[in-house]
Amino acid sequence: MTLKPIRIISKNLDENGGGEEAILLSPITRMFHEPGYKFYILAIMGWKVPIDVDSIKAELQRKMLKHPRFSSLQVMDEFSHDGKGEMRWVPTTVNIDDHIILPQIAHNIMDDADKLVEQYISNLSTTTIDMSKPLWDFHVLNMKTSQAEATCIFRFHHSLGDGVALISFLLSCFRTTSDPTSLPTIPVSSSKDKSNLSISNSRNKILSLLWKYLVKLWLFIKLLFNTIIDLFLITFGSRAATTFVGKVVSQTTLIFSNVAGPLEQVSLAGHPLTFLAPTCSGLLTEGLMDHACRVVVMPSPQLTFVVAVDEGLLIPDPNQLGDDFVDSFMLIKEAALTKLRTNTDV
């Protein structure tokens, strides 16, 4: 992606003489705009009811646009021709209609709605967002599938933040279904006396422990990786860091990540959530990406995951691959529960 120079001033003045300073992008954020990168985070959401577009639009207008990164452009300043230019966050006026996408997908009752939605998301992963507006959009598919009455895809450019931060910010727009004034509860690690364990709560205990260690492992890997990238950025610049990241990721066979979902049923603008499946596109990898999220849907919690496969891979049936992942997760769960029961009996 080639960024054309845009002349900006150090402060954006309003009619009263006030203003906000155009803030520089961080080095690692700037890296996501190097040539060849089109890295986006996608939050795929299923709903129990059809989407009322006006109510969703009003909710996004009220909550999302308060965040500076969702209401700012990312532009190159006027010094870019001599190689000394910087990219900056420049506040702008956001037209919410430019970000709400309502695709018209022609289908009839004989069509497989699941495949149509899957194909739409796959095609979306090959496109980019126009740099002339803040780098996010919200796609509404009011089409009933086997999983939901409607599906939405919230797409963010990775320069807006990392996956955990962006999904957490998205969840802050939700409210619990039982109490529309309460924010969702995100799971946190806690210690419990082993004497209080019982077989009745062993499943919840093992799920919490698994989630706790997965989160800790991910945070450690993220810290280590970001530290290495920061060193490359400081020492060699963004181009060298981009090359390094590309080589590491392109040699990676499997990337697994997860984000914490809410502990209770949640809704957005009166729309109860059925599932939340985060993923990403544009990563320079020739392997697999597996992203998981735990969401409470009565009568019990469920783990939803997305498997993203590079088009160059020789995988004839990605759906079968997804089924194999489910079988593997179930084997892991049963083995962990068996070990916990054994320890409890002792």
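A residue is called buried when its relative accessible area is under 20%, exposed when that area is over 50%, and partly exposed in between, with a 1.4 Å probe and protein chains only as cover. By this definition D137 is buried, with a relative accessible area of 3%. The model described here is predicted: local features need pLDDT of at least 70, side-chain atom pairs count only at pLDDT 80 or more, and totals for chains, interfaces and linings use all residues. Residues are numbered from 1 along each chain as its sequence is written, and side-chain values use heavy atoms, with hydrogens and water left out.

The protein has 346 residues, of which 39% count as buried. It exposes about 19,300 Å², and carbon and sulfur atoms supply 58% of that area; accessible areas come from the Shrake-Rupley method with a 1.4 Å probe, and for residues only the protein chains shown count as cover. The secondary structure amounts to 7 helices and 15 strands. Here helices (H or I, at least four residues) and strands (E, at least two) are DSSP runs, numbered from the N terminus. A contact means heavy atoms within 4.5 Å. Among contacts between residues at least 6 apart in sequence, 72% join residues at least 24 apart.

Two strands are taken to pair if DSSP finds at least two bridges between them. In general, the strands of a sheet pair through backbone hydrogen bonds, either parallel or antiparallel. β7 and β8 (residues 136-141) pair in the parallel sense over 2 bridges, and the bridge partner of I100 in β8 is F138.

D137 and R155 meet in a salt bridge, at 2.8 Å from N to O; the term denotes a side-chain nitrogen of Lys or Arg within 4 Å of a carboxyl oxygen of Asp or Glu. Because D137 lies in β8 and R155 in β9, the pair ties together parts that are 18 residues apart in sequence. R155, like D137, is buried, with a relative accessibility of 4% for R155.

The loop between β8 and β9 holds E149, which counts as partly exposed at 27% relative accessibility. E149 and V49 are 100 residues apart along the chain, and their C-alpha atoms are separated by 5.2 Å. Leaving aside neighbours within four places in sequence, E149 is in contact with W47, K48, V49, P50, M143 and K144.

The structure holds 5 salt bridges, and a network of them joins E59, R62 and K63 through shared partners. E59 forms a salt bridge with R62, the closest N and O atoms being 2.2 Å apart, and another with K63 at 2.6 Å from N to O. E59 and R62 both lie in helix α2 (residues 53-63), 3 residues apart, about one turn of the helix. K63 lies in α2 as well, 4 residues from E59. E59 is buried at 10% relative accessible area and K63 is buried at 18%, whereas R62 is partly exposed at 44%.

Further pairing involves β3, β5 and β6. β3 (residues 23-24) and β6 (residues 87-91) pair in the antiparallel sense over 2 bridges, with W89 in β6 as the bridge partner of I23. β5 (residues 72-76) is joined to β6 by 5 bridges, and these strands run antiparallel; L73 stands opposite V90 in β6.

On the surface, L217, F220, I221, L224 and I228 form a nonpolar patch with about 450 Å² of accessible area together. Patches are made of residues with over 30% relative accessible area and no salt bridge, like charges being joined within 9 Å and nonpolar side chains (Val, Leu, Ile, Met, Phe, Trp, Tyr) within 5 Å. I221 lies in helix α5 (residues 202-236) and is partly exposed, with a relative accessible area of 41%.
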